[in-house]
Amino acid sequence: MFLSCYLLAYVLEDSYFLFSNGLVTSEGEKWRHHRKVLTPAFHFAFLKSLTPIMSKHIENFKQKLIQLNGEKVDPNSLLGDIFLNIIIDVSLDGQVDVHKVSEEYQKLNHLFIIAFFGNFLFGSLFKYLPFELAQRSQKHKENLSEILKIGIQNKKKHHEELKARGQEPQKDFISLMLSNNFSDEEIYDEILTFYFAAHDTTSSTLSWVLYFLCKYPEYQKQLRSEIESKSINLEELEEKLPLMKNIIQETLRMRPPVVTLGRETKNDCVLSGYSIPKGTVLSLMFINAHFDPNFWENPQEFNPERFSTKNEQNQNRHPFCYLPFSAGPRNCVGKRFGMQAMMTFLFHIIQSFELQGDTQGVIMDSSSLLKPKYFKMSFIPIQ
């Protein structure tokens with residue numbers, strides 16, 4: 001696990017292959033400018049407009065689940081597909097073939113570890129090596145780049161047409177970059193970062209949510225009751241469905257998709273009595289704080305009620321004992337988007353399916369993000 005955490009930290013520091021130079025890896029003035037420009041794209045007012053897009057994809061997904069007829073499946077694989085499609089649709093709204101982008105991205109993502117080590121060992125020479133896997137990874141990257149750059153050009157044309165007609169383009173992810181004169185390369189880098197950081201973390205977290213709902217089926221019943229007992233607008237999920245929100249938060253405590261953060265000290269400092277010189281790269285295993293009994297009562301127990309607004313302990317915890325979205329100025333800009341996407345998904349699925357799965361023998365796979373390994377489950381349609 002520590003090796004995989006180290007590799008993940010390294011990837012976040014120098015991830016030429018997938019992240020390029022977007023918000024996750026950029027630094028200094030470039031990062032500050034990009035963060036300031038992109039933050040409004042994740043404001044609640046804009047996220048409300050995404051609900052129909054999410055609901056459309058989830059409804060299509062439900063039809064696929066019905067066709068499975070109770071067959072046991074790996075939920076992480078299925079969820080990765082649906083959330084990638086949602087994110088592509090959200091970012092390029094009809095300007096590209098969603099399925100074509102998804103297909104190329106998935107092929108590229110499957111070769112990520114190989115390409116990562118290739119770039120680590122050989123640098124920019126890797127793409128020229130006469131190895132089949134090196135050539136395949138470069139081919140998929142070039143294909144994806146070509147499709148996305150055409151989509152960016154189409155989006156730019158649509159953006160300019162709206163402005164020419166005196167209409168203000170919606171403040172979405174790409175329109176904000178266009179309005180602030182980002183180059184095509186900068187837009188491309190941020191899109192790739194958004195795709196990887198948003199879809200994979202969301203699908204990993206939801207896979208664990210489904211695991212816990214299978215392990216503790218009483219929460220399924222409570223969730224179904226919570227949904228059915230209220231008149232709910234999908235834009236008000238966090239406010240109207242506190243149990244669902246608490247279940248997701250507790251899952252993020254016990255199984256955060258990223259378990260460590262890489263940080264470099266900018267000045268000499270002292271941590272817990274240890275002198276840390278300037279320029280030291282630290283791997284912060286914040287998941288340890290998620291299980292620290294000084295902050296959490298019975299930390300090994302799955303207990304969503306610990307996040308209830310009525311729980312006095314929840315009001316008085318240390319602000320840094322729970323960090324699934326990081327903290328400080330570089331916290332996750334897409335936190336609100338991720339919560340809305342997960343709650344929208346659960347809202348639709350819990351109403352329509354009973355979740356069944358064998359949770360015995362499931363282990364934590366931390367080779368990249370933290371995912372459930374050996375977990376298969378069934379979605380049984382509720383008649």
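## Buried charges around Glu 250

Glu 250 is buried, and Arg 306 is buried as well. In this predicted model, the two residues form a salt bridge in which the closest N and O atoms are 3.0 Å apart. The pair links distant parts of the chain: Glu 250 belongs to helix α12, while Arg 306 sits in the loop between α13 (287-290) and α14 (312-316), 56 residues apart.

Glu 250 also meets Arg 253 in a salt bridge, with an N to O distance of 2.8 Å. Arg 253 and Glu 250 both lie in helix α12, three residues apart, or about one turn of the helix. An α-helix has 3.6 residues a turn, so residues three or four places apart point the same way. Arg 253 has a relative accessible area of 0% and is therefore buried. Glu 250 likewise counts as buried, because its relative accessibility is 0%. Together, Glu 250, Arg 253 and Arg 306 are linked in a network of salt bridges.

Helix α9 covers residues 184-215.

Cys 214 is one of the residues of α9. This cysteine counts as buried because its relative accessibility is 10%. Cys 214 and Asp 358 are 144 residues apart in sequence, yet their C-alpha atoms are 7.5 Å apart in space. Leaving aside residues up to four places away in sequence, Cys 214 touches Gln 220, Leu 355, Gln 356, Gly 357, Thr 359, Phe 375 and Met 377.

## How α10 meets its neighbours

The axes of α9 and α10 come within 4 Å and cross at roughly 105°. An angle of 65 to 115 degrees counts as roughly perpendicular, and α9 and α10 are therefore roughly perpendicular to each other. On the α9 side the contact is made by Leu 213, Cys 214 and Lys 215, and on the α10 side by Pro 217, Tyr 219, Gln 220 and Leu 223. By class, this contact of α9 with α10 has five nonpolar residues, one polar and one charged.

Helix α10 (residues 217-228) also packs against helix α12 (residues 242-254), where the axes come within 9 Å and cross at roughly 140°. Here Tyr 219, Gln 222, Leu 223, Glu 226 and Ile 227 of α10 meet Pro 242, Leu 243, Met 244 and Ile 247 of α12. The contact of α10 with α12 comprises seven nonpolar, one polar and one charged residues.

## Thr 251 in helix α12

Thr 251 is another residue found in helix α12. Its relative accessibility is 0%, so Thr 251 counts as buried. Not counting residues up to four places away in sequence, Thr 251 touches Thr 205, Trp 208, Val 209, Phe 212, Pro 256 and Phe 302.

## Two serines with positive phi

Most residues other than glycine have a negative phi. Ser 272 has a positive value, near 50°. Ser 272 is placed in the loop between β2 (269-271) and β3 (274-276). At 77% relative accessibility, Ser 272 counts as exposed.

Ser 326 also has a positive phi, of about 65°, although it is not a glycine. The residue is found in the loop between α14 and α15 (335-352). Ser 326 has a relative accessible area of 17% and is therefore buried.

## The protein as a whole

The secondary structure comes to 15 helices and eight strands. Of the 383 residues in the protein, 52% are buried. Among contacts between residues at least 6 apart in sequence, 71% join residues at least 24 apart.

Note on methods: Residues are numbered from 1 along each chain as its sequence is written. This is a predicted model: local features need pLDDT of at least 70, side-chain atom pairs count only at pLDDT 80 or more; totals for chains, interfaces and linings use all residues. Side-chain values use heavy atoms; hydrogens and water are left out. Axes are lines fitted to C-alpha atoms, for helices over the stretch in contact, and angles run from 0 to 180 degrees between N-to-C directions. Contact means heavy atoms within 4.5 Å. Ala, Val, Leu, Ile, Met, Phe, Trp, Tyr, Cys and Pro count as nonpolar, Asp, Glu, Lys and Arg as charged, and the others, Gly among them, as polar. Angles under 35 degrees count as roughly parallel, over 145 as roughly antiparallel, 65 to 115 as roughly perpendicular and the rest as oblique. A salt bridge is a side-chain nitrogen of Lys or Arg within 4 Å of a carboxyl oxygen of Asp or Glu. Buried means under 20% relative accessible area, exposed over 50%, partly exposed in between (1.4 Å probe, protein chains only).
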